[in-house]
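Here is a brief report on one protein model.

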Amino acid sequence: VQLQAFGGGSVQAGGSLRLSCAASGRALSSVVMGWFRQAPGKEREFVATITRGASNTDDYADSVKGRFTISRDNAKNMVYLQMNSLKPEDTAVYYCAADSKYSSRYYSTERAATYDIWGQGTQVTVSS
């Protein structure tokens, strides 16, 4: 599977953006998907994840809980990250990722190494 993330941009604090992750080569409904971000000079950090199959259980980093929502559209083979009430500290490159090897059976979905396929990243800049 190949992933392509898009939808980033520049917004003012309090604004919203929706990131999209398009997949080719495999149905996203069959894999755990995650969003991560990396700010300059910082390590890549977990943002959100959604489970595979019919359950579609989601999980979020404490820093974005209540503001961000991850979802998937299986018909379009897309995963989204709706980001509301954006803050300057949300500024980062955002990456979507897929666990195509089902490593999440053994490792946390909040761990970047659990995911083996990554999109190219999309920049989000939030100004105060």
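## Threonine 91 and its polar contacts

In this predicted model, a polar atom of the threonine 91 side chain lies 2.9 Å from the backbone nitrogen of valine 126. The backbone oxygen of proline 88 also lies 2.9 Å from a polar atom of that side chain.

Threonine 91 sits in the loop between β8 and β9. Its relative accessible area is 21%. Buried means under 20%, so threonine 91 counts as partly exposed.

## Contacts across the sequence

Leaving aside neighbours within four places in sequence, threonine 91 is in contact with Ala39, Gln123, Val124, Thr125 and Val126. Alanine 39 is 52 residues away in sequence. The C-alpha to C-alpha distance between threonine 91 and alanine 39 is 6.5 Å.

## The nonpolar core

The largest nonpolar core has 36 residues. Leu3, Met33, Trp35, Leu81, Met83 and Tyr94 have the most contacts inside it. Elements giving two or more residues include β1, β4 (32-38) and β11 (122-127). β9 supplies the largest share, 5 residues.

Tyrosine 94 touches residues including Trp35, Leu81, Met83 and Val124, not counting those up to four places away in sequence.

## The open sheet

Four strands form an open sheet in the order β1-β3-β8-β7. The pairing is antiparallel. β1 (2-6) and β7 (68-73) are the edge strands, each pairing on one side only. Neighbouring strands are turned by 15° against each other on average, direction ignored.

β7 and β8 (residues 78-83) pair over 6 bridges. Aspartate 73 has methionine 78 in β8 as its bridge partner.

Notes. Residues are numbered from 1 along each chain as its sequence is written. This is a predicted model: local features need pLDDT of at least 70, side-chain atom pairs count only at pLDDT 80 or more; totals for chains, interfaces and linings use all residues. Side-chain values use heavy atoms; hydrogens and water are left out. Two strands pair if DSSP finds at least two bridges between them. Axes are lines fitted to C-alpha atoms, for helices over the stretch in contact, and angles run from 0 to 180 degrees between N-to-C directions. A nonpolar core is a set of buried Ala, Val, Leu, Ile, Met, Phe, Trp, Tyr and Cys residues joined through side-chain atoms within 4.5 Å. Buried means under 20% relative accessible area, exposed over 50%, partly exposed in between (1.4 Å probe, protein chains only). Contact means heavy atoms within 4.5 Å. A polar contact is a pair of N or O atoms within 3.5 Å; within protein, one must be able to donate a hydrogen and the other to accept it, and residues adjacent in sequence count only if both atoms are side-chain atoms.
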